[in-house]
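Thanks for coming. I will take a few minutes to go through one structure, and here it is on the screen.

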Amino acid sequence: MKDTGNSRRYMKYLSALIFTSCVLLITPLPTPQNGTQDATIKAQSVAAKSDDWPYFLGPLQTGISAETNLIDEFPEEGPALLWEKKIGTGYSAPSILGNQLIIHHRPDANRKSKEVIECLTADTGKLLWKYEYDSDFRDPYGYNNGPRCSPLLTPKYCYTFGAQGKLYCLNLKDGKLVWHRDCLKEFDVPPGFFGVGSTPILEGNQLIVMVGGKPNSGMVSFDALTGKTLWENVGKKVWDGTSTGWERMPVYQWRGANIKLSSYSSPLAVTIHGKRHLLCLMRQGLVSLDPKDGSVNFKYWFRSMINDSVNAARPVVVDDKIFLSAAYEVGSALLQVNPEGKSYKELWRNPTNMMTHWSTTIHHKGYLYGFSGRHERGATMRCVRLSDGKVMWETDGTAPVIGKVKRNQLTGQFQWINSGKPAPWPFYGRGSAILADNKFIVLGERGTLAIVKVDPDQFHEVCRTSFPQIKYPSWTAPVLAHKKLYLRSESHVLCLDFDKNSQKNK
């Protein structure tokens, strides 16, 4: 994306006004890919409709929705607010099945408090039931202490995974306990950087969880109906002696003490060349397991040399190719799985083209759209060509509002120059996006909500707005269900009307 001298000076001016220094945090993390010919992702034994959003990143776990007839543009004040609810802290996205919405949060951030699972009516926000349990989790880096993983819903059950590794199965109808496991107590799990953040998935009758237990319980399969352990794998046996490509440590040596196995990337199950693969981007790298018994198909070292680093974005699968990306000087890589399903080819690797911090990249017709950058300042939304990793365009989000906004010196907030009304933050930062109705719905980390065209040739923002309840840090991806958009911050959940027909009738 080309820039003029004036644009650069203005952007430099805006950047200088931003005084917040941002560090990493993971949000509900994971995603597979739809629209492919060979790689397929089954519906996880869940009778979900295409306009439901029953688990992290939607019905296909890709951040892509099949919904249509959504609004193409909204005024400065944004789409209609249908309802809002004040909630506790956390980064978990709400999940929706039918007219039931489940939100997992922590109302009281003090040391002795509870994590709460609440069921609301998705159209009105009315409370149907809630379940709570004790939690004394404290984020070691000072981020909020709420849950990071999104609920997983089936017609009968609701599964949640808390910040302390407490795994719960509740009846979706009334919230009564079915079973639970305390994974951090039952498995040898070293403390994570930011708590537990990898959302479980369902594969048939298995609930598959990135537990991170040593020495070989990185991934664990539980019976979805009873909670019984079915198999466990990934740890010392998988990673000890693995080639890293690092000059100072070409071969990884397992040292035992405090070895972290889990990441913040959710696993995903796909079919490639007729073979089922459970793809798990662990802290050390990618491992493909046979979901039936947890046996290893192949592995690929993919991690930063920086100790305080994480993998957080989910792998993206396109036909027989797997795209991986991470921040912390890692970059991205494209692997091609061989027909026998036990090996792969590295098609390309690039340290700078896409450095995804946590929001999973979206694939559309041969191009990857996502957010690159470790910190808010310097982060950009990018389009990368899948075939060779070339960056087609990038933007920090300021171009559409250059000359249209200014900062209020008293409040520190931005306002529209023409009206003096509050304006959305100019920069996207480390944002997130979902794709629906041939448009991206983008949420910047300071609450900027935008509609962006799907175009590999150039960045084109159609409109933007913001809501005061959705402010920094807005690290939870938007959720779309039944033509309603749900936004979650550290203090609120909002339901917005995204129905094009509703807008026409006004």
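**Overview of the chain**

The protein chain has an accessible surface of about 19,400 Å², and 49% of that belongs to carbon and sulfur atoms. Areas here come from the Shrake-Rupley method with a 1.4 Å probe, and for residues only the protein chains shown count as cover. Please keep in mind that this is a predicted model: local features need pLDDT of at least 70, side-chain atom pairs count only at pLDDT 80 or more, and totals for chains, interfaces and linings use all residues. Residues are numbered from 1 along each chain as its sequence is written, and side-chain values use heavy atoms, with hydrogens and water left out.

The chain holds four helices and 35 strands. Of the 506 residues, 63% are buried, meaning under 20% relative accessible area with a 1.4 Å probe, protein chains only.

Now the cores. A nonpolar core is a set of buried Ala, Val, Leu, Ile, Met, Phe, Trp, Tyr and Cys residues joined through side-chain atoms within 4.5 Å. The largest has 32 residues, and L101, L449, L485, Y486 and F498 touch the most other members. Strands giving two or more residues to this core include strand 4 (100-105), strand 31 (449-453) and strand 34 (484-488). Strand 35 gives the largest share, four residues. Another core, of 21 residues, lies apart from the largest one, and W246, I259, L261 and L278 are among its members.

Next, one glycine. Is G218 buried or exposed? G218 is buried, because its relative accessible area is 0%. G218 sits in strand 13 (residues 217-223).

Four strands make an open sheet in the order 23-24-25-26, with antiparallel pairing; to pair, two strands need at least two DSSP bridges. Strand 23 (362-364) and strand 26 (391-395) are the edges, each pairing on one side only. Strand 23 pairs with strand 24 (residues 367-372) over three bridges, and I362 stands opposite Y369 in strand 24.

Methods: Buried < 20%, exposed > 50% of the residue type's maximum accessible area, 1.4 Å probe, protein only.
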